[in-house]
Every structure is written in structure tokens, then in C-alpha cells.
Amino acid sequence: MREDGRQQVCIVGLQEFEVLDVQIVKEYIERGNVARSTGSTGANEESTRSHAILQLVLKKHNEVKDTRRKNDANDTKSGKVIGKISFIDLAGSERGADTTDNDKQTQ
């Protein structure tokens, strides 16, 4: 994460995809998991070493009465937001007290 010249938070590598099928959401989750780096700690054999954010935005689109009408690129981005949920996994969030090497610094 970085802050730009306008003091806005920018997330390097952030990608946004429109999906219409649950299976595609699962595929993106799997692709994200494969891209994450892991390492071993005293508390966890496979501790994540990178953050992950998955945000699902549910939108309601107006029905298109004329089936011959082609979808405009702007039509897919529009729609009323009816729900949003965020899943956030922070890297290395084990508690120091739970580790086998729990010295003063890790606690």
C-alpha cells in the first residue's frame, strides 16, 4: 500500500473483476492463494507472509427489455450497490504468546 500525491491510499497490484458465476469467484480465490507467499514460524508451519483482501460487491442491474441490445462496457460497471463484504487476511498475525519461541520480543 502506498499513498499518492493526493494523499489517497493506493494498493499496488490491486485488480478488479466482474463475475457472474460463483465458480469464477472460487477460481479467483484459488489464483490469489497460489500467488501468496508463506513461511514457517514457531506457531504455524505455513504462515502467510503477504496480506490478502477479497471484496465482494453485489449490484442490482436493471433488466434489459430488448434482448437485441448489446451490452455497453459502462452497463457492466453501473448498477445499484445492494451489498458489500470484505475478507481480509493479514500476514503473520500469530500472537507471540502462541509461538514456541516466545521471548519478550515476540510476545
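A residue is buried under 20% relative accessible area, exposed over 50% and partly exposed in between, with a 1.4 Å probe and protein chains only. This model is predicted: local features need pLDDT of at least 70, side-chain atom pairs count only at pLDDT 80 or more, and totals for chains, interfaces and linings use all residues. Residues are numbered from 1 along each chain as its sequence is written, and side-chain values use heavy atoms, without hydrogens and water.

| Residue | Relative accessibility | Class |
|---|---|---|
| Met1 | 75% | exposed |
| Gln7 | 61% | exposed |
| Phe17 | 39% | partly exposed |
| Tyr28 | 28% | partly exposed |

Take the aromatic rings. The whole structure holds 1 aromatic pair (ring centres of Phe, Tyr or Trp, for Trp the six-membered ring, within 6.5 Å). Phe17 and Tyr28 form this pair. Their centres are 4.1 Å apart, with 20° between the planes. That counts as stacked (planes under 30 degrees apart; over 60 is edge-to-face, the rest tilted). Phe17 sits in the loop between strand S2 (9–10) and helix H1 (22–35), while Tyr28 belongs to H1. The two residues are 11 residues apart, and the pair links distant parts of the chain. Helices (H or I, at least four residues) and strands (E, at least two) are DSSP runs numbered from the N terminus.

Next, the backbone. Gln7 lies in the loop between S1 and S2. Its phi is near 60°, a positive value in a residue other than glycine. Most residues other than glycine have a negative phi.

Last, the start of the chain. Met1 lies in the segment before strand S1 (2–3).
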